[in-house]
Amino acid sequence: MSIRKHFVFIVFSVCVYGSLQLIPLPDYIHPCSELSDECFTKATMDAIPGIVKGIPEAGIPSLDPLYLEKNISMTLPGNLKMTFHNAKLVGLSTCIPDKVSSRRKKRTFVFDMHCNFTVSGQYSLLGRLLLFNLDTDGQAKIKIYNQRIRLEVVERVVLNKNGEGHYKINSYKYKADYGTDLKLNLTNLIRGNPAISAQVLQVLNADSQTLAKDFGGPILDYAIDYAMNVTQKFFDAYTYDQISYVPLTEDFFEKEQE
Ligand SMILES: *[C@@H]1O[C@H](CO)[C@@H](O)[C@H](O)[C@H]1NC(C)=O
Ligand SMILES: *[C@@H]1O[C@H](CO)[C@@H](O)[C@H](O)[C@H]1NC(C)=O
Ligand SMILES: *[C@@H]1O[C@H](CO)[C@@H](O)[C@H](O)[C@H]1NC(C)=O
Ligand SMILES: *[C@@H]1O[C@H](CO)[C@@H](O)[C@H](O)[C@H]1NC(C)=O
């Protein structure tokens, strides 16, 4: 039986039994009926503003702001240990897809995009920076401009026991280009000395590319992992037939192991 027939059969069953019901697809999701970059890029562009607001009926939380539920720690040059806590990331809604392509044979989608991010929250810092031994904490604000990201997502389609196909993310990886502009603001960097704090910040900000990599990396790791979890939720909520009009070929899907 083809997927399409399964689908018709399920819709029929729903009418008869009224038990299985598909969640209606939001109107800003525009499925592609061809595998062109043009369609995927446009569909991604159309989908981002709506998806980042969250889709409550699909159990999808808002992504902007994104509250970082874990402490994010990083080690900066000079063995400086920095931790962010109670932080939030604003900006996933600003992401602009430059190109989205499907590499069907490799079951891979490639997203090239750029985004503006602001991270704010509390920080603590321990270690040596320039001439200072630091053991301090305060408020942090980091602005990252035009962060370029290439995200590759490998996925397959799994048939559940109702015969509905759903995408499953197998793995993902990303590369970020840290040639971007970044501005870091930390309050209370040198305890009780705002003037020197401001100077040290200025020195730090002078090498914004190193900063972008050291700070941006761990934060992007978190944000992208979170976004992938949300994407999987989206795929669990909506069937392949709802979100794609490209017919499935046999090699693309697998039966779910029970
Ligand atoms: C996060 O960091 C704060 C400040 O350093 C600390 O009080 C808190 O216990 C940490 N939370 C976790 C889960 O590690
Ligand atoms: C990021 O912000 C800059 C400066 O405000 C703006 O020129 C640019 O268009 C923004 N980029 C995105 C992806 O929103
Ligand atoms: C850093 O943030 C503080 C507090 O919000 C503010 O008073 C200060 O002007 C900011 N510094 C820079 C360089 O933006
Ligand atoms: C994503 O989901 C995995 C598995 O449930 C979980 O371990 C991980 O912490 C989640 N990532 C984020 C950033 O919430």
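These legends describe close-up views of a predicted model.

**View 1. Phenylalanine 109 and its ring partners.** Eight aromatic pairs turn up in a search of the whole structure. In one of them, phenylalanine 109 meets phenylalanine 111: the ring centres are 6.4 Å apart and the planes sit at 35°, so this pair is tilted. Planes under 30 degrees apart would count as stacked, and planes over 60 as edge-to-face. Phenylalanine 109 also pairs with tyrosine 167. Here the centres are 6.3 Å apart and the planes are at 80°, so the pair is edge-to-face.

View 2. Phenylalanine 109 belongs to strand β5 (residues 108-129), while tyrosine 167 belongs to strand β7 (residues 165-177). Their pair therefore ties together parts that are 58 residues apart in sequence. The cut-off for buried is under 20%.

**View 3. The aromatic cluster.** Ring pairs link a set of residues into a cluster. Its members are Phe40, Phe109, Phe111, Tyr167, Phe234, Phe235, Tyr238 and Tyr240.

View 4. Helix α2 runs over residues 37-52 and has 16 residues. From first C-alpha to last, α2 reaches 22 Å. That is close to the 22 Å expected at 1.5 Å a residue. Where does α2 bend? The bend, about 25°, is at aspartate 46. Proline 49 follows within four residues. After the helix comes glycine 54, with a positive phi near 95°.

**View 5. The buried residues of α2.** Buried residues of α2 include Cys39, Phe40, Thr41, Ala43 and Thr44. Asp46, Ala47, Ile48, Gly50, Ile51 and Val52 are buried as well. An α-helix has 3.6 residues a turn, so residues three or four places apart point the same way. What do the buried residues of α2 pack against? They pack against β4 (96-103), β5 and α4 (208-237).

**View 6. The surroundings of ligand 2.** Around ligand 2 are Thr94, Ile96, His114, Asn116 and Asn146. An oxygen atom of the ligand is 2.3 Å from an N or O atom in the side chain of asparagine 116. A nitrogen atom of ligand 2 lies 3.1 Å from an N or O atom in the side chain of asparagine 146.

Methods: Residues are numbered from 1 along each chain as its sequence is written. Chains are lettered from A and ligands numbered from 1 in the order in which they are written. This is a predicted model: local features need pLDDT of at least 70, side-chain atom pairs count only at pLDDT 80 or more; totals for chains, interfaces and linings use all residues. Side-chain values use heavy atoms; hydrogens and water are left out. Rings of Phe, Tyr and Trp (its six-membered ring) pair if their centres lie within 6.5 Å; planes under 30 degrees apart count as stacked, over 60 as edge-to-face and the rest as tilted. Helices (H or I, at least four residues) and strands (E, at least two) are DSSP runs, numbered from the N terminus. The expected span of a helix is 1.5 Å times one less than its number of residues. The bend at a residue is the angle between axes fitted to the seven residues ending there and the seven starting there. Buried means under 20% relative accessible area, exposed over 50%, partly exposed in between (1.4 Å probe, protein chains only). Contact means heavy atoms within 4.5 Å. A residue is near a molecule or strand if one of its heavy atoms lies within 4 Å of it. A polar contact is a pair of N or O atoms within 3.5 Å; within protein, one must be able to donate a hydrogen and the other to accept it, and residues adjacent in sequence count only if both atoms are side-chain atoms.
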